[in-house]
Amino acid sequence: MRAQVLIFLGAPGAGKGTQATEASKEFGIPQISTGEILREAVARRMPLGLAAKAKMEQGELVPDEVVCGIVEDRVSRTDCRNGFILDGFPRTVAQAVFLDDMLERRGLGKPLVVNLQVESDVLLKRLTGRRTCPVCGKIYNIYFSPPRQDELCDVDGTPLQSRADDNEGSIRRRLEAYERQTRPLIDYYRERTLLHETDGNREPPVIARDLAGELRYS
Ligand code: AMP
């Protein structure tokens, strides 16, 4: 892959995290998930988490300067010197402009942007059906990839949990935030000829295989 920086764009539930994890293994560069970093800060009761918690639970975006600070910080670490994968960032035009400037400052060149297109009924099932094991982190979906025993982890038998923001009200607001604030980024990157469209309705391993092949020659 020529581009050193890969961005996964898509609505909540489009599969950005899953595909970013696969691409990270495939290309040997780290995955940076602003949502994961924020959730960890909330769980550890760090000041960053306290500031972000209410917004996240309501399904609203955390302020640009907070997430831009997280990304700048994470990218400064040595494991990012050969590139990295962004999952859940940028989400606003202001974040995309910040990222352009940061990549130029760091001499990292233009990113390659993968847009995962997913139909809204699939998105809803992915979000409402998502369950995670709080012990080993394995992710399930009660519709698409259920555990063998209802609501229990296959690996360690722990009761599965839903993300705090995977409830109906929060999901609706996250989808609204996506439409209003993040969807404009598709045109932003299309105009800069950096956009790669992908059918995200397919099974995750099929998408991952397809992408690995295509990105290798991008
Ligand atoms: P995610 O795990 O990517 O779905 O993110 C979960 C939540 O974290 C979002 O609903 C936002 O509240 C917050 N968040 C994550 N990334 C960003 C970002 N780039 N800009 C603003 N808020 C973010």
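How far does a backbone N or O atom of Val 62 lie from a nitrogen atom of the ligand? The separation is 3.1 Å. Before going on, the conditions: this is a predicted model, where local features need pLDDT of at least 70, side-chain atom pairs count only at pLDDT 80 or more, and totals for chains, interfaces and linings use all residues. Residues are numbered from 1 along each chain as its sequence is written, and side-chain values use heavy atoms, with hydrogens and water left out.

Back to the ligand. A side-chain N or O atom of Gln 95 is 3.0 Å from a nitrogen atom of the ligand, and a polar side-chain atom of Arg 39 lies 2.9 Å from a ligand oxygen atom. The protein buries 96% of the 480 Å² that the ligand exposes when taken alone; accessible areas come from the Shrake-Rupley method with a 1.4 Å probe, and for residues only the protein chains shown count as cover.

There are 16 residues around the ligand, and those coming nearest are Thr 34, Arg 39, Glu 60, Gly 88 and Gln 95. A residue is near if one of its heavy atoms lies within 4 Å. By type, the shell divides into 6 nonpolar, 4 polar and 6 charged residues, with Gly counted as polar. Helix α2, residues 34-43, supplies the largest share of the shell, 4 residues. Helices here are DSSP runs of H or I with at least four residues, strands are runs of E with at least two, and both are numbered from the N terminus.

Next, the sheet. It is open and parallel, with 5 strands in the order β2-β3-β1-β4-β7; a pair of strands requires at least two DSSP bridges. β2 (31-33) and β7 (195-199) are at the edges with a single partner strand each, so one side of each has no neighbour in the sheet. β4, residues 112-117, pairs with β7 over 5 bridges in the parallel sense, and Val 113 stands opposite Leu 195 in β7.

Last, the loop between β6 (139-141) and α7 (168-182), where Pro 147 is placed. Is Pro 147 buried or exposed? Its relative accessible area is 9%, so Pro 147 is buried, the cut-offs being under 20% for buried and over 50% for exposed, with partly exposed in between. Thr 158 is in the loop between β6 and α7 and also counts as buried, at 17%. The side chains of Thr 158 and Asp 156 make a polar contact at 2.8 Å, meaning N or O atoms within 3.5 Å, one able to donate a hydrogen and the other to accept it.

Terms used
Buried < 20%, exposed > 50% of the residue type's maximum accessible area, 1.4 Å probe, protein only.
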